[in-house]
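Please walk through the model shown here, with attention to its salt bridges and to the contact between its chains.

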Protein chains: 2
Amino acid sequence: MTAPRNASNPQHSLILALDYGGTKHTVGVLAVGARDWLAHERVSSPPGADARYDQVTVIKLAHDLLARTQGQLVAVGVSFGGPVDSAKGVVRLSHHVPGWENTPLRDQLQAEFGVPATVDNDANVAALGEWRFGAGQGCASLLYVTVSTGIGGGWVLNGKVYSGADGMAGEIGHIVVRPGGAECVCGKHGCLEVEACGRAIARKMRERLASAGRHRDTAEPIMGESVARAAQQGDPLAQEVMDEVARNLGTGLGGAINLMNPERIVLGGGVTKSGERWWRILRETARYHALPQMRVDIQPAALGDDAPLWGAVALAEPLL
Amino acid sequence: MTAPRNASNPQHSLILALDYGGTKHTVGVLAVGARDWLAHERVSSPPGADARYDQVTVIKLAHDLLARTQGQLVAVGVSFGGPVDSAKGVVRLSHHVPGWENTPLRDQLQAEFGVPATVDNDANVAALGEWRFGAGQGCASLLYVTVSTGIGGGWVLNGKVYSGADGMAGEIGHIVVRPGGAECVCGKHGCLEVEACGRAIARKMRERLASAGRHRDTAEPIMGESVARAAQQGDPLAQEVMDEVARNLGTGLGGAINLMNPERIVLGGGVTKSGERWWRILRETARYHALPQMRVDIQPAALGDDAPLWGAVALAEPLL
């Protein structure tokens, strides 16, 4: 991230990058070819915000940032937190914010800013971001998986987002890794998501504490993050839980490797901060599951929460 | 398969297609752009044949067929039954025939026939064949799975074989669908292959007969094919077995759909002749496992045993 930054040059061609999240939105402005933001700001949505509210907020923030930045806007790239028909630039819906159903977001933004725009869903865009600017650079085939409250993923094959026939590829969170396991939001039992995500960690810890007859020491609710921290501090029950979710994730990744033999897998999201032991167990499990002729290269993401925003930049680049 | 066949035209440009199998090899000669073989012959290897024996046999047969065919050979396409480094045209090994380790098959054939050659492994090549000439025509993303003695697969994405970082993509047979299930040749337990292939059918039938205390009526060994036939004739134990393997296959395919959202899945191999009930159960199970936004389009292969040979033609076409 050390390319020159010439914010004072009025001849700059600018890319506007937008990341519509469930509760937070981020807007960034970048000079074409640069690796530093000329402007970058995150806003939260209040509870109860709908699509119209979020859209007004994001567009106003974008205009504010562009007004503070010298240069000529040439393209808009967009990451959206929900299913998108990327070929048409239409948001199908948001699972978190009402009112997004069938919104022609690309056309709205093109009309608003007068330049070409392109839209895809956040997992695909984050994958593209890590491939273009982060931990997946140079990989001919990359699976990006975010392990957070839930588990999602995206593919970059031969330098392009691969989103499948219905724009839904990468849903590794809904591969069953423990038949008969916990019930998932999708209605099945034992999906990777419900057996390895942050919520799964908290649930499994509560179950273990209950069956061990242990009372909780504090009124603090049990969260995935606190369990991961307790495991790193040596709490044996917490370690059991973290080992189990690491094995479940490794099982899912091993299956993905057998099916697609990707050059690399990049993992992002809060759960990936769970320490060396979690990483070791998931890599060992993936190695066990993958056929021996296939590489198992699983790396932490490099771009953190900004992966979708950097991906939005990469998405916009072909428009130039 | 109705394009004109002008075997008498000496100006024909010819493609030579070779399919090296474990015990059988097939050679075909086709005029460029045609859909009928000008010559087509299958030979068996005797037990104990090695790579050298098979190579001499196949090359002799190819020269014989070419001598009987008028026209000018312009390219050779090859399907090989084992792992191949397709970029280098080098066979890594055969699991069935000794002596193939690190054979530069492409270079050997180019030297032998004096035209460009291209080599890939049989599952990839069969996938390409079904995509170009069979049940996967027009699909931007196709998963081909052969359900036979074992279970293998291959991908065609955007009109090209996708073979992954180590040339091994498509190994859906080694995704675990029943943790703690039967031991697989790969050393794991409960892989799709060992829970759904032809051998699995025979094994599960033997186990059920044994635990039901039933003696077998004949000295005929129990084979997957006979179990499938008994199921179609209403034998309840055989139906149980076929239903179970269909569910296991549907579980694996549903996982592949979640991960890759392919436009279509094409199934080949002997087990796919198991009748409507088997097809219905596997489709229903795949539909149950796939997220509702994703299509579940699972079709029988169209090219039968010749899928790799037709794929070899498709592999050779870009060489023209």
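Is R132(B) buried, partly exposed or exposed? R132(B) has a relative accessible area of 26% and is therefore partly exposed, where buried means under 20% relative accessible area, exposed over 50% and partly exposed in between, with a 1.4 Å probe and protein chains only. This is a predicted model, in which local features need pLDDT of at least 70 and side-chain atom pairs count only at pLDDT 80 or more, while totals for chains, interfaces and linings use all residues. Residues are numbered from 1 along each chain as its sequence is written, chains are lettered from A and ligands numbered from 1 in the order in which they are written, and side-chain values use heavy atoms, with hydrogens and water left out.

R132(B) forms a salt bridge with E317(B), with 2.7 Å between the closest N and O atoms; a salt bridge is a side-chain nitrogen of Lys or Arg within 4 Å of a carboxyl oxygen of Asp or Glu. The pair links distant parts of the chain, 185 residues apart: R132(B) is in helix α3 (residues 122-133) of chain B, and E317(B) is in the segment after α9 of chain B. Helices (H or I, at least four residues) and strands (E, at least two) are DSSP runs, numbered from the N terminus. E317(B) counts as partly exposed, because its relative accessibility is 22%.

Over all chains, the whole structure holds 34 salt bridges. One of them joins R68(A) to E41(A), the closest N and O atoms being 3.4 Å apart. R68(A) lies in the loop between α1 (51-67) and β4 (72-80) of chain A, and E41(A), 27 residues apart from it, in strand β3 (residues 37-44) of chain A. R68(A) counts as exposed at 58% relative accessibility, whereas E41(A) is partly exposed at 31%. Chain A also has a network of salt bridges, which links R178(A), E195(A), K204(A), R208(A), E240(A) and E244(A).

Next comes the interface. The contact (heavy atoms within 4.5 Å) takes 36 residues from chain A and 37 residues from chain B. Chain A and chain B bury about 3,100 Å² between them, 63% of it on carbon and sulfur atoms; buried area is the accessible area (1.4 Å probe) that two parts lose on being put together, summed over both. On the side of chain A, Y162(A), L259(A) and M260(A) lose the most area to chain B, together 20% of what that side buries.

Two salt bridges are found across the interface of chain A and chain B. R295(B) forms a salt bridge with D166(A), and their closest N and O atoms are 2.7 Å apart. In this structure β9 (151-157), α7 (236-260) and α8 (276-289) of chain A each supply at least two residues of the side of chain A that touches chain B. Of these elements, α7(A) gives the most, with five residues. R295(B) counts as partly exposed at 32% relative accessibility, while D166(A) is buried at 13%.

How are the two chains related? Chain A can be laid on chain B by a turn of 180 degrees and a shift of 0.0 Å along the axis, with an RMSD of 0.0 Å, the copies being superposed by least squares on the C-alpha atoms of residues with pLDDT of at least 70 in both. The two copies are therefore related as by a two-fold rotation axis. The same surface serves both copies, since 100% of the contact residues of chain A recur in chain B.
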